[in-house]
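Please read it with the model open.

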Amino acid sequence: MGTGRLYVAVAAGGFRRYATYRAATAAGVFTNTVFGFILAYTYIALWAEKPHLGGYDEAQALTYVWVGQAMFAVMVLGSNGFEADLIERIRTGDIAIDLYRPADLQAWWLAADTGRALFQLLGRGVFPMACGALFFDLALPTDLLTWAACLVAIALGTVVSFAIRYIVALCAFWLMDGAGAMQLTWLGGMFFSGMLLPLNVFPGALGELARLLPWSALLQAPADVLMGEADPLSTFAFQAGWAVVLLAVGRMIQSAATRRVVVQGG
Amino acid sequence: MAETEQVNETRATPGSHSSHGSRSPQEAYGEDLWPGPYGPYSRLRDGLRAYRMIAAMWIRSTMAYRASFAMTAFGNFAATSFDFLTILLMFSQVDELGGYSLPEVAFLYGVVGVAFGLTDLVIGSMDRLGSRVRDGTLDTLLVRPAPVLAQVAADKFALRRLGRIAQGLFVLGYAVAVLDIAWTPLKVLMVPMMVLSGAMIFGAVFVAGGAFQFVAQDASEVQNSFTYGGGTLLQYPPSIFAKELVRGVTFVVPLAFVNWVPALYVLGRPYPLDLPTWVAFTPPLVGAGCCVLAGLVWRAGLRSYRSTGS
């Protein structure tokens, strides 16, 4: 099997793994939709108090809410993705088996995570977005090109999301228990991705800092591209830059970590 | 809540748990949990006793790793602070939200934070029931001589959830300190009343959600819409939400009785729906009613349990 086909097969496996749990997907969609409604009303109140807050009008703020709910599962902002599995494999030593497989560890998990993201975009992203568009006035683009640009931004965002979580998972080589690291990442991601509030609503220097960090590639970037608030090309460059840097850091940690592996038994 | 436990599920014969490979602490206490005589309250006493023992066991096991406990408790505190951080960020841009000032929103937030935190501490593991149903490990609980609800509620009892309560108490303390209202003895008494009744209402939602998981299994996340979603909803003043939504959480799933209805009386504000004033004092009754209903739903759910396998 060619290398390319191998990773496509792994990605398809990642897709199928999540597609199997239909009831869980429906439940997730339901929860995202409920949270979308709650957030939408708080944003309406906020923007009624101060129109054009952060440069958004009310329709854009509401669009942001529903893009956020659609990206929640795709970008793994609320729970754990593959990293819980990988950490468990590192802790139990199963990672040794993964390492002598004729496939690259990082590329393997990236492929699997891409399959997952694709499923969650279709399974958990589309419905909340449609629901939001049905009940609220959203600022959605009418030309296909902007939608396509948004899809590119989402794709790049999932790579950044993966790269961050891969680094976190590899910490388990040193920490053994990844729970603390995962919790910290989750906290950081929740705050700096703009899941709580759009990053352009953050006051002053905090807002500027948040916009420079990699987490802004996950939600703020696709949302701004969709609403025409950001130039697509420079957004892609920003996202791709972080993706390359974080993947490279992950690779360095990986090579340092694999030198540490001691396979027990004989 | 353990009080609602009424279920007479399969009781194991004293010897049957020896058939299980692993010896759990509950089994070690098995003899103590097999008391006679059966009075009307013996079931409740059994439940509370089992709950206390299991929870104590989990606390001991947590305290074996004190540093880890400190970190996770802090993590819990920090994670739950995010909701209030959002509100603070909002108020860094505006002075009022839906006509409510920051201290007023903080009061709503604090009450629901502590109430939800108490429920989360006491029976927060209920949302793990779905995975137990799926992999069949609920069977183990059924054969133990203690009420299943008490066992499920105490399962993985996590003291770190004190972090959430502490965070809610901080915000509530801040709100009470800076709120500009004429405190009467009645209004002061209403604060603990709201917190305790609120915990009962949330508890009922958790237990009913647990019962739902017997049917839903994989769909356990739906429960989060009502627990965490409800908790988030109640952090904001009712004036910002659509009337239908407010009606829904007042009359259908009575979450509004956790804080909105009583707290708006304390704050001296009108409730968006036309309710008489005395309704503000009914949360304990609503809480008790919810617990009875949740107990019935739980009983029905447990009866419908058919282990796993094909």
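Helices are DSSP runs of H or I with at least four residues, strands are runs of E with at least two, and both are numbered from the N terminus. On that basis chain B has 14 helices and zero strands, and the secondary structure of chain A comes to twelve helices and zero strands. The model is predicted.

**Overall fold of chain A**

- Read from the N terminus, the elements of chain A follow the order α-α-α-α-α-α-α-α-α-α-α-α.
- Along the principal axes, the C-alpha atoms of chain A occupy a box of roughly 70 × 40 × 30 Å.
- The radius of gyration of chain A is 19 Å, which agrees with a compact globule, because a globule of 266 residues would have a value near 18 Å.
- Chain A has 266 residues, of which 49% count as buried.
- Of the contacts in chain A between residues at least 6 apart in sequence, 79% connect residues at least 24 apart.

**Overall fold of chain B**

- The pattern of chain B along the sequence is α-α-α-α-α-α-α-α-α-α-α-α-α-α.
- Chain B has 310 residues, and 46% of them count as buried.
- Among contacts in chain B with a separation of 6 or more, 86% come from residues 24 or more positions apart.

**Contact between the chains**

- Chain B contributes 31 residues to the contact and chain A contributes 29 residues.
- On the side of chain B that touches chain A, the elements giving two or more residues are helix 3 (66-93), helix 10 (222-226) and helix 11 (228-233) of chain B.
- Helix 3 of chain B supplies the largest share of that side, with eleven residues.
- By residue class, the side of chain B that touches chain A holds 17 nonpolar, eleven polar and three charged residues.

**Record annotation and helical spans of chain A**

- An unreviewed UniProt entry lists "transmembrane region" for several spans of chain A, among them residues 21-44 and 146-175.
- Residues 21-44 of chain A are 96% helix and 0% strand, with 34 Å between the end C-alpha atoms.
- Residues 146-175 of chain A are 97% helix and 0% strand, and their end C-alpha atoms lie 43 Å apart.

**Helix 12 of chain A**

- Helix 12 of chain A (residues 232-258) contains 27 residues and spans 38 Å from its first C-alpha to its last, close to the 39 Å expected at 1.5 Å a residue.
- Its buried residues are T235(A), F238(A), Q239(A), W242(A), A243(A), L246(A) and G250(A).
- An α-helix has 3.6 residues a turn, so residues three or four places apart point the same way.
- The cover over the buried residues of helix 12 includes helix 6 (105-135), helix 7 (144-170) and helix 11 (220-226) of chain A.

**Nonpolar core**

- The largest nonpolar core has 170 residues, and those touching the most other members are V160(A), A163(A), V105(B), V111(B), A115(B), A153(B) and I201(B).
- Helix 9 of chain B (residues 185-216) gives the most to this core, with 17 residues.

**Position of P147(B)**

- P147(B) is in the loop that lies between helix 6 (138-142) and helix 7 (148-154) of chain B.
- P147(B) counts as buried because it has 27 C-beta neighbours inside 10 Å, where the cut-off is 20 or more.
- P147(B) and G287(B) are 140 residues apart along the chain, and their C-alpha atoms are separated by 22 Å.

Terms used
Residues numbered from 1 in each chain as written. Chains lettered and ligands numbered in written order. Predicted model: local features only at pLDDT ≥ 70, side-chain atom pairs only at ≥ 80, totals over all residues. Contact = placed C-beta atoms within 7 Å. Nonpolar A, V, L, I, M, F, W, Y, C, P; charged D, E, K, R; others polar. Expected span 1.5 Å × (residues − 1). Buried ≥ 20, exposed ≤ 12 C-beta atoms within 10 Å, placed from the backbone. UniProt positions renumbered as here; feature names shortened; annotations may be inferred. Rg over C-alpha atoms; globule rule 2.2 N^0.38 Å. Core = buried A, V, L, I, M, F, W, Y, C linked by C-beta atoms within 7 Å.
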